[in-house]
Each structure stands twice: as structure tokens, then as C-alpha cells.
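These are notes for a colleague who is opening this structure for the first time. Please read them with the sequence and the model side by side.

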Amino acid sequence: MSVPVDVAEVAPSGDRRSDDVGATPGSGSRAPASRRGVPGGLRRALLLVAALVLGAVAWEVYKALGPAGGGDVLGWRIVPKTNDRVMPHVWDMFARLGDPEVRGQDTPVWRAMLSYAWYTFRMSLAGLALGASLGIGLAVLMARFRVVERGLLPFVVISQTIPLIALAPQVAALGGNWDLPKWTWAAALAAFLSFFPVTIATLRGLGAAPTAAVELMDSFAASWWTTLRKLRFPAAIPHIAPGLKLAATASVIGVVVSEVSLGLRGVGFAALNYGQKTTSQPAAVYAAVFAAAILGLVMFGLVSGIEAYAMRDRPREDDR
């Protein structure tokens, strides 16, 4: 028979909780984050903007003070050059976005980059979905059978040492034999990069379920798959989310490299095309750099949104 216990009587006097509406368990008399100041999401956005501004300022300061021809340190030429061909001004990079992509046409560079980025985004999303599915499936298999983990995990690690540029021709050959569209080739290469962090994160998360909870499920004669669905996988979500964030950015890298190798007209193609204009238009190549960076942030934000939705009913610490 259970006996009702007054938490205020059991807890030390210094740890008594306030009965205020805004108080939360484990937070004492502190007000919620929304009452203490700037909300967490807005604060992170402001910090991102501040970091970008500081990066631009640091770029311009080094360009103004650094050596135009670079420099040596202990005989190694590692000090970057600061001439306009290598380090154009930040405002020149942004001004280039409004210029026509091709002389004689009205399409500006920023609009062309949107088209390239949209194409790359779709392939990155497909690659992330494929890589995440493969990674979670492998992790579940290895968590279920330890012999599979001991035999398969080393090959999973070794797979990430294969250069993507060397793997692209083999994927293209297989895709050509199977009459697959070219975008599936790039998605497959993106999945190749993205499955690894998801596999490792999921495998670790599946083993993070509390021992007492696992023993309780065993006492109910629950099968391993029932325990996986109702206990292990929900407990693994906080571990899977960081792996998915890494996989999201890795999928963008995989697609961009694949576009260069396979000739697909995405951000990688734009980087290669604008890179040929470095001598005459050094600021042009940074348009593709901006597009790839923004695309990576979008993929990261997409996964963060999914994480927030999946964790919406779980208690979390107050924003620090």
C-alpha cells in the first residue's frame, strides 16, 4: 500500500519549492526562461548574426593589416595573402550577387544561386533520408545482435576513409547500368556520408536506456522489439538528434562534391563555374560559398525543428 508523502516535508528546508505557477520541478523559485530575458531561440539567432558580423569585421581587419603577398612562418608559407584576387572585400562579394550571371542576360547571380541551391537541397534531403534510414537500421541490427556489432562496426568506420571523389565514378557506373536518374547518384553519395554519424549516435542511444527500466520491461516479459519501440528508441532520441544534425551538413557536402564529379547543375556546379572566373571576378566564387553555407544552415535548422517537435513533451533544462 502506497503512503502519500509531502515533498515539502521530505526535502531539506533550503530546497523547498515555491507554489508559484511559474515554478517548475528542479528550478526552485527561478522564473521561466521566457520571463528572465530574451527567449532561447531568439538569443541563438542574435548570436548567429553577431558571429557573422564579427567574422566579416575580422576579414576586413586582416585584409587591411595582413601582407598582400602572404608570409612564411618557420619556413612554411601559411600566412594567407590579402590581395583583392584572394580576399575581396565583403561588400564586393555581396555586390556581385546583384550582377547578371551571364553577360547579356537579365538573371542576377542571387536568383541563379537560388535555383542551384533548390536543386542541391532536394538531393541533400533525399540523401539525408536515405542515410538516416540506413544508419538507424544498422544501429538497431547491431544493438540486437552483438556479434553483428563486433563484425560490422569496423567496416562502418572504415567506410568513412574512402574518398568521395574516388567513389563517385563507381556510383555513376552502377547508376548508369540500372538506368537511374543522375540525381539519385548524388543522393546515394550523400547518404554514404550521412549514415555514419546516425549509426554511431543511434547505437549509443539504444544502449542509454536506464537499467532499471529495462529490467522492468523484462519483468513484464516484453519482447526485445517491444522494449525497443516503447523504451530504447524513445530514450535514444536525445542521442540521435546530434547525429542527424551532423548527417544533415554531411549530406550537403556529399551532394556538392557529387555535383562537381557528376556534372549536375547545383551549387557544386556553380562553384566550379564561378571558380574559373577567379582571375577576372574574384568575388564571384564566394556566391557559391554563401549558397553552400546557407544550405547547410537550412538543413541543420530543419533537423533542429524536427528535434524540437519530437522532444516537445519532455522536460528540459531552462535556457542558460
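Predicted model: local features only at pLDDT ≥ 70, side-chain atom pairs only at ≥ 80, totals over all residues.

In which helix is S159 found?

1. S159 belongs to helix 6, which covers residues 146-159. The relative accessible area of S159 is 11%, and because buried means under 20%, S159 counts as buried. Leaving out residues up to four places away in sequence, S159 touches F192 and F195.

2. For orientation, the chain holds twelve helices and two strands. Read from the N terminus, the order of elements is α-α-α-β-β-α-α-α-α-α-α-α-α-α. Of the 320 residues in the chain, 33% are buried. Among contacts between residues at least 6 apart in sequence, 70% join residues at least 24 apart.

3. Helix 7 spans residues 164-177, 14 residues in total. From first C-alpha to last, helix 7 reaches 20 Å, close to the 20 Å expected at 1.5 Å a residue. After helix 7 comes D179, with a positive phi near 55 degrees.

4. Which residues of helix 7 are buried? They are L164, L167, A168, V171, A172 and G175. These residues lie on the same side of helix 7, because the arc they cover around the axis is only 145 degrees. The elements that cover them include helix 8 (182-206) and helix 10 (224-262).

5. On the helix 7 side the contact is made by L164, I165, A168 and A172; on the helix 10 side it is made by G254, V257, S261 and L262. Of these, L164, A168 and A172 are also among the buried residues of helix 7.

6. Helix 8 deserves a look at T202, which lies in it. With a relative accessible area of 0%, T202 is buried. Neighbours within four places in sequence aside, T202 is in contact with I136, A139 and I240.

7. Which members of the largest nonpolar core touch the most other members? That core has 23 residues, and the answer is M113, Y116 and Y274. At least two residues of this core come from each of helix 5 (109-144), helix 10, helix 11 (267-275) and helix 12 (285-310). Helix 5 gives the largest share, seven residues. M113 touches A270, Y274, A287, A288 and A291, again not counting residues up to four places away in sequence.

8. Is F269 buried, partly exposed or exposed? This residue of helix 11 has 21% relative accessibility and therefore counts as partly exposed, since the buried class is under 20% and the exposed class over 50%. Beyond its neighbours within four places in sequence, F269 is in contact with Y116, E259 and L264. Y116 is one of the core residues named in point 7. S258 is eleven residues from F269 along the chain, and the C-alpha atoms of the two are separated by 9.4 Å.

Note on methods
Residues numbered from 1 in each chain as written. Heavy atoms only, no water. Helix = DSSP H or I, 4+ residues; strand = E, 2+ residues; numbered from the N terminus. Buried < 20%, exposed > 50% of the residue type's maximum accessible area, 1.4 Å probe, protein only. Contact = heavy atoms within 4.5 Å. Expected span 1.5 Å × (residues − 1). Arc of directions from axis to C-beta. Core = buried A, V, L, I, M, F, W, Y, C linked by side-chain atoms within 4.5 Å.
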